[in-house]
Structure formats: structure tokens, C-alpha cells
Amino acid sequence: MIRDALYLAHAFYFRAEGSRCQEIGYVDLKRKARLKNHTLLFFFLALLTVSCGNASTQVVPKPATSAPLQALRSLAQARGMYIGTAVNVDALQNEEQYREVLAREFNIMTPEVSLKFDATEPERNQYDFAEGDTIVAFAKAHNMQVRGHTLVWFRALPSWLTAGKFSRSELMQILRGHIFTEVAHYQGQITIWDVVNEAVNGDGTLRDTIWLRGIGPDYIDWAFRWAHEANPQARLFYNDFGGEGSGRKSDAIYSLVKGLLQRGVPIGGVGLQMHIGIDSYPAPQAVLANMQRLTALGLEVQITEMDVQIQGDRRPVQTRLALQAQVYRDMLGVCLEVVGCTAFVMWGFTDLYSWLPGPDAPVIFDRDYRPKPAYFALMGDLDSG
Ligand code: G3I
């Protein structure tokens, strides 16, 4: 009788522990209990306690401390720059902790989907700015900037547009109307816009999009001119991925923006998205050189969507998190070194809400909002001013 009670107590102790051992303790104990050899049972219980005590800490290292007193935003502000993140409007509306960390750590944010064409003009000439307005109101309440993302892109387009048959002038009218209406709606609230997003292919040619096919290569010039007309104070960016360092795409983006400037098109900056991984990232020196040649044209540069994948690598989690921290440290370090690099924005801040599927952990807070080594790497960079 007593022994059975002990057996049950032990079984529930492991369940309460809730670590990987839970299954081991519970299942094995039952199996071993079948042995009906009580001495053996006590022996197994003792053994299990020792082994499980150790095992659980090996899965995911608990961070040393909770977020330090100083937050990223106060340190960034002290250095006159923006540090930010993409914002998921559902989490913003439904999660207190999400809002708390967002407002504490960042002074700029980019709506992840809420200002895209399909979200803001779901039907022709019918606009819906509800989600965007929610994000802008939160930013205002917490003294944060908003990066408008994005006016002209080949994705996130409504079906009335992708399925429609439009002449060149009709498509220009549609695009002009969309840009004017959205930029004017956020006049005085959004001062930075990704006007054109991802218009260049990896081989340096212009991406085949509804805009290139329907209007022609000058759709880029027109988009910037219309955005400037709608808000002459706004800083207008060309934003892309895969051109952060050196190479054909980086050279093509450089030629594209240089050409726009030579044609008097009101472009103000270039966004370098920086979606990278611990095994695939541009050399910091190459990013430095690229940023320097872009700022030498009189343009601002911003890192606009950084995340660092650690998935698909067999090294221990701690090693991968340390490598991830190094990559974040290096890229912020480059931005801090370049006069004209005015913002460091990540594509999400908690692994709980990342566009990257499942087990990856690409950003600086884990799924429980605990700061990861990457967070402290950024803090170290900002604090070393
Ligand atoms: O909100 C709907 C939901 O109602 C529906 O049930 C669900 C299933 O279809 O879709 C939800 O919409 C999804 C939306 O994200 C919100 O989660 C869209 O399908 C999905 O396509 C959209 O993906 C976004 C993608 O851009 C396209 O807009 C990603 O979250 C976002 O991270 C990603 O961000 C892009 C940048 O804008 C540009 N650079 C690359 C970056 C990553 O792809």
C-alpha cells in the first residue's frame, strides 16, 4: 500500500516538473512497476531523480537574467538612431506582454502586413486603414515612428488587381490613386515610406511584375514622384533583400537608385532587408562598403527587416544562439559606423511571432519574451558609444 502511494507520488512529481523527463519518468515507472520488485523500484526512482534533474537544462539554455533596466530604445535614442521591429497587428491588439516589450524596447516599427496593397485597398477605390490606424495610434501613444511598408510590390496584391485587365494609363491611374490616398491618409503620421519593394532580381535585372508588364520600367520613377507629391516631407525608400553586401544584385540596386537621382526622382534612401542566417550572411566589410557608396550618393540607408535563421544546423543550440548574436552584433556595428545609416529594424522581435515557420528562432526574444544572447549583443553595441 505505502509503496503504491510512493510510486504514484513520484509519478506525479515528474509530471509537475514538465521537462523532457515527464514522459520518461511516467511511462518507465509504470513499466518497471510491473517488475513487482520493490527494492528495484526504489533503485529506479533514485536513478531517475538524478538523471532527470540534469537532462532538462540541456534542452534550451535559460537566459541569465530578465531584460536589463536599460532598454534598446533608450540607448539607440542616445545615439540618435532608430531601433525597431515589424509589428504583428493581431498580437498588438490581443497581447499585453507583446505591447509592453514593443513600447519598452523600440522607437520605430513597421506594419508587417497592414499597409500593403491587399490590406488597404481590398476592392478598387475602397480603402481600409483600420489596422494601419491602430498601429499608428499605438506609435503616437508611445512616441514611436512608423515605417510605411509598402506602396508598390509584386506580392500582397488584391485579386481585383491581379485578375484585372488594365491598359497602361489605367494601371498608372490605379497606382497613382493608391499611392496618393494611402500617403495622404497618413500625412504627418508616417514620415518614412518603402515606396517600391523588391523590384530587382538576383541577376540584377528588373523583376517581372504586374507593374513592369503593365506600365514599364518607369513605374519606379512614377511611384516615387507620386509619393513625393502626396507628402513632400516624407523620406522615400527603395527596399530590397539580397543586395546588402557586394554582388550583381547590390550593384544593380546601386545603379537603379543612382539613375533615379540623376533623373531628379525624389528618392531619399535605400532599405537593406537583411533576411539572413548563421550560415548565410554578407561579410560585414562588404555591407560597410555598400552602405558607404549609397550614402556617398546623399542617400540614407536603413537595415529594415533583419532576422537571422538558426534552423537547419546541427550544432548545439547554445552555439547557434551565440553565432546569431555575433551576426546581429556585426550588422548593427556596421550601421553604427556609417553616418547616414539611420535605423536598425528587425522583422519581428519574439520568436512567437515570426514569418519564418516553426522551430526557427530568428529574432532577439524567445517565445516567452526572454531576451536571447542576440539582445545583449545589440545592447552591447549601443552601449559602447
Ligand atoms: O490574415 C490572414 C488570415 O486571416 C488568413 O486566415 C491567413 C491564411 O491565409 O492569412 C493571413 O494573412 C497572411 C498574413 O501574412 C498575415 O499573417 C497572408 O496569407 C500571408 O501572405 C502574409 O505573409 C506576409 C508576407 O510578407 C506577405 O505580405 C508575412 O507575414 C510577412 O512577414 C512578409 O514580409 C515580407 C516583407 O513585407 C517584404 N520582405 C520579405 C518579408 C518576408 O516575406
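Guide: Two residues are in contact here when heavy atoms of theirs lie within 4.5 Å of each other. By that criterion, and leaving aside residues up to four places away in sequence, Ala-223 touches Val-152, Ile-179, Val-195 and Val-196. The model is a predicted one, and the values that follow are computed from it. Ala-223 belongs to helix α12, which spans residues 219–230. Its relative accessibility is 0%, and because buried means under 20%, Ala-223 is classed as buried.

The ligand is surrounded by 14 residues, and the closest are Glu-112, Lys-116, His-149, Glu-198 and Glu-305. Sorted by class, this shell comprises five nonpolar, four polar and five charged residues. Glu-198, one of the closest residues, places an N or O atom of its side chain 2.8 Å from a nitrogen atom of the ligand. An oxygen atom of the ligand is 2.9 Å from a side-chain N or O atom of Trp-347, and for Arg-155 the corresponding distance from a ligand oxygen atom to a side-chain N or O atom is 3.5 Å. As for the surface of the ligand, it exposes 790 Å² when taken alone, of which the protein buries 48%.

Conventions:
Residues numbered from 1 in each chain as written. Predicted model: local features only at pLDDT ≥ 70, side-chain atom pairs only at ≥ 80, totals over all residues. Heavy atoms only, no water. Near = heavy atom within 4 Å. Polar contact = N/O pair within 3.5 Å; in protein donor to acceptor, adjacent residues only side chain to side chain. Areas by Shrake-Rupley, 256 points an atom, 1.4 Å probe, with all protein chains shown as cover. Nonpolar A, V, L, I, M, F, W, Y, C, P; charged D, E, K, R; others polar. Helix = DSSP H or I, 4+ residues; strand = E, 2+ residues; numbered from the N terminus. Buried < 20%, exposed > 50% of the residue type's maximum accessible area, 1.4 Å probe, protein only.
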